[in-house]
Amino acid sequence: HEPPSSHEPPELVALTARSPPTPIPPSANPPSGNAPASKLLTYGTAAASLLTHYSRAHHRVALTPRGLFARGELLSRWLTSQFAFTSPGEACIGLYLLYSLRDVERVRGTRRHATRLLIAAVVSLVIQTCLCADVPPVRWLGLGSSVIRNFYSAGFAPGPHSLVAALLVPGFLTTSPTQYAFTMAGVRFGDKVFTLLAGLGLFWSHGARSLVPAVAGAIGSFVAEWAVTGRGWTLPEWACAIARATFGRVL
C-alpha cells in the first residue's frame, strides 16, 4: 500500500499507520457463574446430614479420640465429621451459609476456590486430629480434654464448621463488597454483619466443640491463601477436567 499523502489530516495518518490491536488472552482463572464447587458442597452436606439423621448414626460421625484411635474408625470419621450436621437448626444455618457464600467462588473462580477449600480442610483436619491424639504439644498448651468436657467420648461437633469458617475468613470479608450500610446505636454496620452473625451462631452452637473446628478452619484458610497466592499452586488441570466431565454436567 502507498503511504498516506502529506496533505491528509494527522488523525487519519495516525489511524492508518496504527497496528492492529493485539488480542487479549483469556484469563486462566475466569469467574464461575454457576459456582459448581459451592453447590456440590451444599448438596453433599445436605445429603450427608439427612443420611445421618435417618440412619440414627449421630454418635458415629463426630471426631472423637475414642472413635479415631480406640475403635480404629480413622478414615470414616475423617470423612463424615466434616460434612454431616446432627441437629436440624444447625443444618439450616449451615446450609444457608454454604449456599449464600457461593459468591466467593464466583469471584475467585472454581479452580482456585476449590484449591483453597481443599487445603483449608486438610489443615483443619490435621489440627483436629492432633488435638484428639493428645500429643505432647497439645497437652503442654492445655488444649483438648482441658477445654471440652468429656472430650474423650464427645470430641468435636460434626459438620463443615471448618469449611464455613474458611469461606468467611478471609474469603467473604475480602471478595464480597458491602451493598448497603446502616447505623445502630451510633455505630455504622454493613450488610455483611448479618452473615457474620449467622456464622458466629453456627460456630457456637456446640460451644467449644464447634468453635475449635471453626478456628482450625480459619487457620487453614490463611494457610491456603499463602499457598495459592504466594506459590501459585492450584489443582491440576486433569482433576478439573474430571470434575467438569462428571459433576459439572449436573451442577
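1. In this predicted model, Gly159 sits in the loop that links α9 (151-154) with α10. Gly159 is buried, because its relative accessible area is 5%, and buried residues are those under 20%.

2. The surroundings of Gly159 come from another part of the sequence: leaving aside residues up to four places away, Gly159 touches Ser81, Gln82, Phe83, Ala84 and Phe85. Thr86 is 73 residues from Gly159 along the chain, yet the C-alpha atoms of Gly159 and Thr86 are separated by 7.6 Å.

3. The largest nonpolar core has 20 residues, and those that touch the most other members are Leu117, Val164, Leu168, Leu202 and Phe203. At least two residues of this core are supplied by each of α5 (88-100), α7 (110-133), α10 (161-175) and α11 (192-203), and the helix that gives the most is α10, with seven residues.

4. Phe203 deserves a look of its own: residues up to four places away in sequence not being counted, Phe203 touches His161, Val164, Ala165 and Leu168, and also Ser210, Leu211 and Ala214.

5. Which helix holds Ile219? Ile219 is found in α12, which covers residues 208-231, and Ile219 counts as partly exposed because its relative accessibility is 42%, a value that falls between the 20% limit for buried and the 50% limit for exposed residues.

How values were computed:
Residues are numbered from 1 along each chain as its sequence is written. This is a predicted model: local features need pLDDT of at least 70, side-chain atom pairs count only at pLDDT 80 or more; totals for chains, interfaces and linings use all residues. Side-chain values use heavy atoms; hydrogens and water are left out. Helices (H or I, at least four residues) and strands (E, at least two) are DSSP runs, numbered from the N terminus. Buried means under 20% relative accessible area, exposed over 50%, partly exposed in between (1.4 Å probe, protein chains only). A nonpolar core is a set of buried Ala, Val, Leu, Ile, Met, Phe, Trp, Tyr and Cys residues joined through side-chain atoms within 4.5 Å. Contact means heavy atoms within 4.5 Å.
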